[in-house]
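Keep the viewer open while you read.

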Amino acid sequence: MNFKSIPNEYEYLSWPEVKNIAENKRSTIIWPFGAIEQHGPHLPLATDGIFVDDITNEVLKLLPDEIPLKKIPTQYIGFSPEHIGFDGTLSLSSQLLISIISEVGKQLSDVGFKRLILLNAHGGQISLLNTAARELKKIAPNLSIFPCFLWSGVVGLNNLVSKSELENGLHASLSETSLMMEIRPDLVGDERPYEDISSKIPEGWSLEGDAPLAWSTKEISNSGVIGDSRGANKKLGRRFKKIIN
Ligand SMILES: [Zn+2]
């Protein structure tokens with residue numbers, strides 16, 4: 001029986017098609033990672049997964065079909081303990097997420113895939129995916145594994161937003177709200193919360209930076225937003241999308 005494959009989507013292939021692609025010396029799997037976690041009163045729980053899906057699909061559309069690169073289904077539930085305390089957040093333990101990545105990654109490697117890109121859109125699991133990649137490398141030495149973060153290394157980001165948004169706009173603030181207005185405007189609510197985080201933590205401490213503090217959103221934000229979402233607009237969202245792509 002022959003299935004009609006959807007370009008670049010792994011789960012629509014038949015097993016002989018997988019075998020054929022995996023044998024290619026440049027065969028690559030892209031595995032997007034999001035989160036199901038509160039994003040303030042105005043954005044959906046799946047915000048990070050929606051971003052990574054959209055950006056991945058846009059990139060895949062640009063590639064010729066014959067490139068041996070396939071996307072496996074996005075891992076929507078991630079590691080979000082910092083947002084527990086707000087209804088709706090679902091978080092796996094770090095150990096479980098590492099196990100999922102190890103087991104799936106090992107099977108992909110056993111079939112013959114040569115490269116695995118872990119494309120992550122949730123800032124709270126960057127270090128976890130780095131750890132998972134190193135654990136996987138131990139059991140799948142022939143696989144090249146690339147844990148990447150959607151928002152890091154984006155050229156031109158510094159020119160689009162203020163220093164304060166770059167440093168303090170960590171969650172559901174100007175950047176994420178604007179990007180969602182561009183990608184799925186139907187999912188953006190009317191509220192535009194502003195939470196001044198600097199007044200909530202002792203002077204000299206920081207949530208990110210050289211000596212970051214392990215934090216919980218509940219301790220520092222009433223709305224769930226970290227930063228300022230007030231200036232969010234579709235035009236800025238469009239510029240974000242362009243530079244991230
Ligand atoms: Zn987010």
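Before the first helix pair, a word on angles: axes are lines fitted to C-alpha atoms, for helices over the stretch in contact, and angles run from 0 to 180 degrees between N-to-C directions. Bear in mind that this is a predicted model.

**H2 against H7**

- Helix H2 (residues 47-62) and helix H7 (residues 174-183) have axes that come within 11 Å and cross at roughly 55°.
- Angles of 65 to 115 degrees count as roughly perpendicular and those under 35 as roughly parallel, and H2 and H7 are therefore oblique to each other.
- The crossing of H2 past H7 is left-handed.
- On the H2 side, Thr47, Asp48, Ile50, Phe51 and Asp54 make the contact, and they meet Glu176, Leu179, Met180 and Ile183 of H7.
- Sorted by class, that H2–H7 contact has five nonpolar residues, one polar and three charged.

**H7 against H9**

- H7 also packs with helix H9 (residues 234-244), at an angle of about 90° and with the axes 7 Å apart.
- That makes H7 and H9 roughly perpendicular to each other.
- H7 brings Leu174, Ser175, Ser178, Leu179, Met181, Glu182 and Ile183 to this contact, while H9 brings Lys234, Leu236, Gly237, Arg238, Phe240, Lys241 and Ile244.
- The H7–H9 contact splits into seven nonpolar, three polar and four charged residues.

**The sheet and the helices on it**

- Four strands form an open sheet in the order E2-E1-E3-E4, and the pairing is parallel.
- Strand E2 (69-71) and strand E4 (144-149) are the edges, each pairing on one side only.
- From one strand to the next, the twist averages 20°.
- Strand E1 (residues 28-33) and strand E3 (residues 115-120) run parallel and are joined by six bridges; Pro32 has Leu119 of E3 as its bridge partner.
- H2 turns up again here: it packs on the sheet, touches E1, E2 and E3, and its direction makes about 155° with that of E2.
- Helix H4 (residues 126-139) packs on the sheet too, touching E1, E3 and E4, and its direction makes about 180° with that of E4.

**Aromatic pairs**

- The count of aromatic pairs comes to four, with ring centres within 6.5 Å as the cut-off.
- One of them is Tyr10 with Phe113: the ring centres are 6.2 Å apart and the planes are at 55°, so the pair is tilted.
- Tyr10 sits in the segment before helix H1 (15-22) and Phe113 in the loop between helix H3 (94-111) and E3, so this pair ties together parts that are 103 residues apart in sequence.

How values were computed. Residues numbered from 1 in each chain as written. Predicted model: local features only at pLDDT ≥ 70, side-chain atom pairs only at ≥ 80, totals over all residues. Heavy atoms only, no water. Helix = DSSP H or I, 4+ residues; strand = E, 2+ residues; numbered from the N terminus. Parallel < 35°, antiparallel > 145°, perpendicular 65-115°, else oblique. Left-handed = near helix turned anticlockwise from the far one by under 90°. Contact = heavy atoms within 4.5 Å. Nonpolar A, V, L, I, M, F, W, Y, C, P; charged D, E, K, R; others polar. Pairing = 2+ DSSP bridges. Phe/Tyr/Trp six-rings, centres within 6.5 Å; stacked < 30°, edge-to-face > 60°.
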